[in-house]
Amino acid sequence: MKKKSKQFAAKLTEQVVNVSAPAPKERDSRLPAVGSIITKTYRGQPIEVKVLENGFEYQGKTYKSISRVAMDIVKRPISGYVFFGLTK
């Protein structure tokens with residue numbers, strides 16, 4: 001390997017080693033504990049959403065956010081926190 005190639009490889013390795021992983025996101029304090037069931041009646045129908053470690057489960061489907069669940073239910077943009085009464 002040529003001297004310049006070795007220097008380049010060393011710098012590249014140094015840069016890769018010094019890259020740190022992003023800090024994990026803090027869990028929103030408005031959300032109930034993992035494993036909890038959020039319940040609501042909407043238009044006379046009972047709704048149950050299970051709180052997962054990294055999302056929510058509704059009718060066997062997994063969602064990344066509580067707002068996506070709410071939007072799927074009401075068929076329009078809406079805050080999941082407001083829809084499920086999770087605001088403080």
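The model is predicted: local features require pLDDT of at least 70, side-chain atom pairs count only at pLDDT 80 or more, and totals for chains, interfaces and linings use all residues. Residues are numbered from 1 along each chain as its sequence is written, and side-chain values use heavy atoms, with hydrogens and water left out. The protein contains three helices and four strands, where helices (H or I, at least four residues) and strands (E, at least two) are DSSP runs numbered from the N terminus. Along the sequence, the elements follow the pattern α-β-β-β-β-α-α.

**Overall properties**

- Of the 88 residues, 24% count as buried; buried means under 20% relative accessible area, exposed over 50%, and partly exposed in between, with a 1.4 Å probe and protein chains only.
- The accessible surface of the protein comes to about 7100 Å², and 53% of this surface belongs to carbon and sulfur atoms. Accessible areas come from the Shrake-Rupley method with a 1.4 Å probe, and for residues only the protein chains shown count as cover.
- Among contacts (heavy atoms within 4.5 Å) between residues at least 6 apart in sequence, 27% join residues at least 24 apart.

**The sheet**

- Four strands form an open sheet in the order β1-β2-β3-β4, with antiparallel pairing; two strands pair if DSSP finds at least two bridges between them.
- The edge strands are β1 (37-42) and β4, each of which pairs on one side only.
- On average, neighbouring strands of this sheet are turned by 30° against each other, direction ignored. For such angles, axes are lines fitted to C-alpha atoms, for helices over the stretch in contact, and the values run from 0 to 180 degrees between N-to-C directions.
- Strand β2 (residues 45-52) pairs with strand β3 (residues 55-58) in the antiparallel sense over three bridges, and the two form a hairpin with two residues between them. Within this pairing, Lys-50 stands opposite Glu-57 in β3.
- Strand β3 also pairs with strand β4 (residues 61-63), in the antiparallel sense and over three bridges; here Tyr-58 stands opposite Lys-61 in β4.
- The hairpin of β3 and β4 has two residues between its strands, and Gln-59 takes a positive phi near 50° there.

**Helix α2**

- The buried residues of α2 are Ile-66, Ser-67, Val-69, Ala-70, Ile-73 and Val-74.
- Seen down the axis of α2, these buried residues fall within an arc of 155°, so they line one face of the helix; the arc is that of the directions from the helix axis to the C-beta atoms.
- The cover over the buried residues of α2 includes β1, β2, β3, β4 and α3 (80-83).
- Lys-75, which follows α2, has a positive phi near 65°.

**Aromatic cluster**

- The structure holds two aromatic pairs. Rings of Phe, Tyr and Trp (its six-membered ring) pair if their centres lie within 6.5 Å; planes under 30 degrees apart count as stacked, over 60 as edge-to-face and the rest as tilted.
- Tyr-42 and Phe-83 form an edge-to-face pair, at 5.4 Å centre to centre and 65° between the planes. Tyr-42 lies in strand β1 and Phe-83 in helix α3, so this pair ties together parts that are 41 residues apart in sequence.
- Phe-83 and Phe-84 also form an edge-to-face pair, at 4.9 Å centre to centre and 85° between the planes.
- Tyr-42 is buried, as are Phe-83, with a relative accessible area of 7%, and Phe-84, with 9%.
- Ring pairs link Tyr-42, Phe-83 and Phe-84 into a cluster.
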